[in-house]
Amino acid sequence: MTTIDHWIDNRRRTSTSGRTAPVFNPATGARSADVALASIEEVDAAVASAKAAFPDWRDTPIMRRQRILFAYREILAARSDEIAAAITAQHGKTLDDAAGEVQRGLEVVEFACGIPQLLKGDYSEQVSTGVDTYSIHQPLGVVAGITPFNFPAMVPMWMFPMAIACGNTFVLKPSEKDPGSSMLAAEMFAEAGLPAGVLNIVHGDKVAVDRILEHPDIEAVSFVGSTPIARYVHEVGSRNGKRTQALGGAKNHMVVLPDADMDLAADSAVNAGYGSAGERCMAISVVVTVGDAADRLIPRIAERARALHIGPGDIPGSDMGPLVTEEHRDRVAGYVDAGEREGAKLVLDGRGLVVDGHEEGFFLGATLLDDVTPDMVVYRDEIFGPVLSVVRVDHYEDAIRLVNENPWGNGTAVFTNDGGAARKFQNEIQVGMVGINVPIPVPLSFYSFGGWKHSIFGDHDIYGPDGIRFYTKTKTVISRWPDPIHRGVDLGFPVSE
């Protein structure tokens, strides 16, 4: 059985911890590899490598850092199919979906290629007699990222290219469920000319996470995952003096008004609810229908969902692949059980789906529940699977109130042809990312990604301008170069003149 080891000093380093975890092919249920689980000493070794590399990397001219990023961008683009295949083999999503994930990560690399412009400071001349003031943005030092299973290539690329472009060195702990794509990305960065120690990868579980959060040489931690763990990362990291950005879970609503284009809304609900088997923090999991919209929308969603081809992600024509593990598949099916018990109407039932030739795969079909109410567990919890719940309300204000009262605030959308209604929505809704006739409002790399409420902990969103701010600290310099004739001692408080 192949063991996926750590990446330290630009080489694979065999683990000495003696602990491993299985990596599965979700389409077949077969164990495809083992992944090493780092000991405290192995995390320390990765941090020591990053710390040793930091002084030289910090002082590497910014244009040279940019050239390495450009080379990395070219290698990633040329070999994106390799990373997509690794994602599909270990996560299960379709190859098209995996290729899209790599592309979105690549866009952040492209944004980071503009680092000479992005790191510009400010300058004010003659703020007082002979005095100039300017600001510069400097790297933090060793920073770390802890990333989830659902986007094993994209989310790490939200972090380490930005941090490294800013002059930091990086320690990544990817999900142990699908670590292969991160290893490929690191190898390609080394091929692009990244010096040893600038990017290190350790695989692991809570042992590795806790050591990262406690390590005195790590200055900042980025995290994407569930809300309970995001809160934990923020609290423990902050308590240990680290800057943290911790993105948590979601319960994303899509509000459909009676005047909406119902075909567009149905297409969007299926794409956003069942894409990547619902294993996305920006997936639509609740459709809120206003007035009589449900009676026209639900049959359209059901028709499209029934036509989805569910199968292994590497087989052409598959619209939706399996879930990442058997345990997660069973957990999601358990929510469908609970929805039935609590009185939701089961329009489509994806439980018990068997794919010919892949009977042991972790498959669950598209599931649609109607007449869901906010007190039901299928509404209250983040399910993270291909389960779409429909909540019916009478008035638009009821829909806005429902979204605003939800403890999460990652993404939301409204479907309408009424510009005034859309403007009211974007103005009043208490959610970080808002789509208007767009079901998944994930911003491109030159804006930042981040929700509100329990969907984020910390003061910075991820990538984009906030990524630059998170991975740098501002230094303000007040400079005077004296005239040849010095005016003598002045004991008064300095004032502008």
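Helix 7 is largely enclosed by the rest of the structure, because nine of its twelve residues are buried (under 20% relative accessible area, with exposed meaning over 50% and partly exposed in between, for a 1.4 Å probe and protein chains only). This is a predicted model, in which local features need pLDDT of at least 70, side-chain atom pairs count only at pLDDT 80 or more, and totals for chains, interfaces and linings use all residues. Residues are numbered from 1 along each chain as its sequence is written, and side-chain values use heavy atoms, leaving out hydrogens and water.

**Helix 7**
- Helix 7 covers residues 180-191; helices here are DSSP runs of H or I with at least four residues, strands are E runs of at least two, and both are numbered from the N terminus.
- From first C-alpha to last, helix 7 reaches 17 Å, close to the 16 Å expected at 1.5 Å a residue (1.5 Å times one less than the number of residues).
- Its buried residues are G180, S181, S182, M183, L184, A185, A186, M188 and F189.
- After helix 7 comes G193, with a positive phi near 110°.

**Helix 4 with helix 3**
- Helix 3 (residues 80-90) packs against helix 4 (residues 95-112) at an angle of about 125°, with the axes 8 Å apart; axes are lines fitted to C-alpha atoms over the stretch in contact, and angles run from 0 to 180 degrees between N-to-C directions.
- The two helices are therefore oblique to each other (under 35 degrees is roughly parallel, over 145 roughly antiparallel, 65 to 115 roughly perpendicular, and the rest oblique).
- On the helix 3 side, S80, I83, A84, A85, I87 and T88 meet L95, A98, A99, E101 and V102 of helix 4, where contact means heavy atoms within 4.5 Å.
- By class, this contact of helix 3 with helix 4 has eight nonpolar, two polar and one charged residues (Ala, Val, Leu, Ile, Met, Phe, Trp, Tyr, Cys and Pro are nonpolar; Asp, Glu, Lys and Arg charged; the others, Gly among them, polar).

**Helix 4 with helix 6**
- Helix 4 and helix 6 (residues 154-165) pack at about 10°, with their axes 8 Å apart.
- That angle makes helix 4 roughly parallel to helix 6.
- Residues of helix 4 that meet helix 6 include R104, L106 and F111, and their partners in helix 6 include W158 and P161.
- By class, the contact of helix 4 with helix 6 has twelve nonpolar, one polar and two charged residues.

**V438**
- V438 sits in the loop between strand 20 (433-436) and strand 21 (452-453).
- At 39% relative accessibility, V438 counts as partly exposed.
- Not counting residues up to four places away in sequence, V438 touches A413 and F415.
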